[in-house]
Amino acid sequence: MSSANDGSRVLVALRVPATAERAFAAFTGEIGQWWQPNGLFRFTRRGGTLRFEPGPSGRLVETSPAGDEFVIGEVREWDPPRRLVTSWRHESFAADHET
C-alpha cells in the first residue's frame, strides 16, 4: 500500500479557457503537438510522438523518431466531449500488465 507522501502518486490539474469540445479535441487530436516526453512522463526510453486513434476501439500510440510504434494503451470509452477512458502501460511493464 502506498501513501500520498511516498512519491508513488502524481496529480496534475490544469484549467484552460476552452469549451469541453475544444479541450477534448486538443487532448485527443493534438496530443502529439503538446505532449513532450521527459524524465517523469515518458512511456519508452527512446521517446517519441503520441497520437490517439479515435473511437471506442482506438489506441494511444507512441511513434519513435525511427518509426517504431509502442502501444501505450487502448481506448476503453470514447464519448466526446464528456468522457475518455484509456488504459496505459510503460514499456517496462510485463506484456499482460496495464493500468
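## Basis of the model

The structure is predicted, so local features need pLDDT of at least 70 and side-chain atom pairs count only at pLDDT 80 or more, while totals for chains, interfaces and linings use all residues. Residues are numbered from 1 along each chain as its sequence is written, and side-chain values use heavy atoms, with hydrogens and water left out.

Strand 1 covers residues 49-52. Helices (H or I, at least four residues) and strands (E, at least two) are DSSP runs, numbered from the N terminus. In a regular strand the side chains alternate between the two faces of the sheet. In strand 1, L50 and F52 are on the covered face, and T49 and R51 are on the uncovered one.

Strand 1 runs antiparallel to strand 2 (residues 59-63), and 4 bridges join the two. Two strands pair if DSSP finds at least two bridges between them. R51 stands opposite V61 in strand 2. The hairpin formed by these strands has 6 residues between them, and G55 takes a positive phi near 105 degrees there.

T28 lies in helix 1 (residues 20-29). Its relative accessibility is 9%, so T28 counts as buried; buried means under 20% relative accessible area, exposed over 50%, and partly exposed in between (1.4 Å probe, protein chains only). The side chain of T28 reaches the backbone oxygen of F24 at 2.7 Å. Not counting residues up to four places away in sequence, T28 touches F52, W78 and L84, where contact means heavy atoms within 4.5 Å.

S64 is in the loop between strand 2 and strand 3 (69-79). With a relative accessible area of 6%, S64 is buried. Leaving aside neighbours within four places in sequence, S64 is in contact with R46, G47 and G48.

## Aromatic pairs

The whole structure holds 5 aromatic pairs. Rings of Phe, Tyr and Trp (its six-membered ring) pair if their centres lie within 6.5 Å; planes under 30 degrees apart count as stacked, over 60 as edge-to-face and the rest as tilted. F24 and W78 form an edge-to-face pair, 5.2 Å centre to centre with 80 degrees between the planes. This pair links distant parts of the chain, with F24 in helix 1 and W78 in strand 3, 54 residues apart.

F24 is buried at 11% relative accessibility, and W78 is partly exposed with a relative accessible area of 21%. Ring pairs also link F27, W34, W35 and F52 into a cluster.

## Salt bridges

A search of the whole structure finds 7 salt bridges. A salt bridge is a side-chain nitrogen of Lys or Arg within 4 Å of a carboxyl oxygen of Asp or Glu. One of them joins E69 and R51, with the closest N and O atoms 3.1 Å apart. The pair links distant parts of the chain: E69 is in strand 3 and R51 in strand 1, 18 residues apart. E69 is partly exposed at 46% relative accessibility, and R51 is partly exposed at 29%.

E30 forms a salt bridge with R22, the closest N and O atoms being 2.9 Å apart. E30 is partly exposed at 24% relative accessibility, as is R22 with a relative accessible area of 42%. The side chains of E77 and R83 also meet in a salt bridge, at 2.7 Å from N to O. Salt bridges that share partners join R51, E53, R59 and E69 into one network.

How values were computed:
A polar contact is a pair of N or O atoms within 3.5 Å; within protein, one must be able to donate a hydrogen and the other to accept it, and residues adjacent in sequence count only if both atoms are side-chain atoms.
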